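The sequence and structure are shown first.

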Amino acid sequence: GRALCAAHVVKQARAMRFIPLRLFSIPTRSFWLAAYVLSCGATVAGARERVQPSEPSRSAWVSADAIQQMSSALASYRALARQPQPAPLPNKGTLRFGDTGQAVADLRARLTMTGDLRGRGDAYAFDENVEAAVKRYQLRNGVEPTGIVYGITQRLLNVPLDVRVRQLELNLQRMQELAPKISAQSRYILMNSASFELQGIQGGAVAVTSRTIAGKRATPTPIVSAQVQALNTLPYWHVPGTIAKAALIPMIRKDPGYLYKERIRVFSSFGGEEVDPGSVNWWGPEAERYVFRQDPGEQNALGVLRFDMPNKHIVYMHDTPMKNLFGYFERAVSAGCVRLQNFWGVADWVLAGQDGQTASTLQGKVASGQQATIRLKQPVPVHFIYLTAWMDNGTVQFRNDLYNRDASAFVSG
């Protein structure tokens, strides 16, 4: 019942911590209501199961055709921005199937202008066509397709079209700048932090995809161009000092058995002697001078596989034990590295042409508890990019400016 449901609100709210509250100016009360809704299927959204995110796009984000489509979309949005704009949707309240009135008429006008509403009907009625149009709009904006207009969906619908024009211009420029770099590469990986997806490109076509988890706003995934040079099975996790200070040491203070449960060892320094955690005063300033290493295994923060891609930011791709997070639409929860859902599929593609090595052989090593480093004969280029707008089979996709990198495009939003 509701009592049991309420017990999960805090947990659900924590899972929602990556929702862009700052961009959409959602008040605290609404945030907690949203947490209750997602946990309980409460009043606003009705009792329902959360919809899983769509599979990653099979249309290459950056190609000559994608750039041409983006240019055409930009021209269309420029034309739309010159037309009279519908009235903004009200900040409070909810619009859903069965509603009527002027707000619904304004909603229909917006969805018609953006090409999401197809077919005619009562200009003041929220009918099945409008519900389907709202879902289409939500999907191409990276929002769960509930068919209900409130909160984030309402804020997105109110973004002025001239702001969308600037967003398209900026992302077209990003695509044009990246295109020459990848044109000479027959195989490469693109990971878009803004869409939480990865594409493995071969011969200009998408060969493999994966949902991803990227960095939080406070610890954004950087723009990176590197090469996957090796794969590591059952890796150690050397806890970064910033994470140890901000999260690990406070956790040890709350739960003295935390290190044992998570199989994390304490060392005097990098490469130094192992230290008995019971001999450390975790409340004193000296606690911060120790270094930490997590033993390999499924509980390891890197999961069972790591993609070694040396770069100055010290970020990489890896498996994760927190696989439930791939069920969310926004997946900005890491400290900057990138977690892959389809890590075995990506590994298999990366290993193509590597004699005797496949994802199956790596899985065998993991099953037998064997740590191994498989160096690639042909390193695979990888690019961490940031596209908040792109084309998918002729449809414009928009995403939240999670890291505020195209803030000028959202000044009015």
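## Thr209 and its surroundings

Beyond its neighbours within four places in sequence, Thr209 is in contact with Pro56, Ser57, Arg58, Leu198 and Asn342, where contact means heavy atoms within 4.5 Å. Thr209 belongs to strand β3, which covers residues 205–215. Helices (H or I, at least four residues) and strands (E, at least two) are DSSP runs, numbered from the N terminus. Thr209 counts as buried because its relative accessibility is 10%; buried means under 20% relative accessible area, exposed over 50%, and partly exposed in between (1.4 Å probe, protein chains only).

## Basis and confidence of the model

This is a predicted model, in which local features need pLDDT of at least 70 and side-chain atom pairs count only at pLDDT 80 or more, while totals for chains, interfaces and linings use all residues. Residues are numbered from 1 along each chain as its sequence is written, and side-chain values use heavy atoms, with hydrogens and water left out.

The protein chain has a mean pLDDT of 88, and 87% of its residues reach 70 or more; pLDDT is the predictor's confidence in each residue, from 0 to 100. Over residues 1–46, pLDDT stays under 50, and the model has 72 contacts beyond four places in sequence for this stretch.

## The chain as a whole

The protein chain contains 13 helices and 15 strands. Of its 413 residues, 50% count as buried. Among the contacts in the protein chain with a separation of 6 or more, 67% come from residues 24 or more positions apart.

Two strands pair if DSSP finds at least two bridges between them. Strand β5 (residues 237–238) and strand β8 (residues 291–294) are antiparallel and share 2 bridges, with Trp237 having Gln294 of β8 as its bridge partner. Strand β6 (residues 264–267) also runs antiparallel to β8, and 4 bridges join the two. Across this pairing, Val266 has Phe292 as its bridge partner in β8, and Phe267 stands opposite Val291 in β8.

Within β6 lies Arg265, which counts as partly exposed because its relative accessibility is 32%. Leaving aside neighbours within four places in sequence, Arg265 is in contact with Glu274, Val291, Phe292, Arg293 and Asp295. The C-alpha atoms of Arg265 and Val275 are separated by 7.8 Å, with the two residues 10 apart along the chain.

## Packing of α12 and α13

Two packed helices are described by the angle between their axes and the distance between the axes. Helix α12 (residues 343–350) and helix α13 (residues 359–367) have axes that come within 8 Å and cross at roughly 125°. Axes are lines fitted to C-alpha atoms, for helices over the stretch in contact, and angles run from 0 to 180 degrees between N-to-C directions. Helices α12 and α13 are therefore oblique to each other; angles under 35 degrees count as roughly parallel, over 145 as roughly antiparallel, 65 to 115 as roughly perpendicular and the rest as oblique. From α12, the contact is made by Trp344, Ala347 and Asp348, and from α13 by Ala359, Leu362, Gln363 and Val366. By class, this contact has 5 nonpolar, 1 polar and 1 charged residues. Ala, Val, Leu, Ile, Met, Phe, Trp, Tyr, Cys and Pro count as nonpolar, Asp, Glu, Lys and Arg as charged, and the others, Gly among them, as polar.

Leu362, located in α13, is buried because its relative accessible area is 0%. Beyond its neighbours within four places in sequence, Leu362 is in contact with Leu231, Thr233, Leu305, Trp344, Ala347, Leu351, Gln357 and Ile374. Leu362 and Leu234 are 128 residues apart along the chain, and their C-alpha atoms are separated by 9.8 Å.

## Ala79 in helix α5

Ala79 is placed in helix α5, which spans residues 64–81. With a relative accessible area of 31%, Ala79 is partly exposed. The C-alpha atoms of Ala79 and Val165 are separated by 9.6 Å, and the two residues are 86 apart along the chain.
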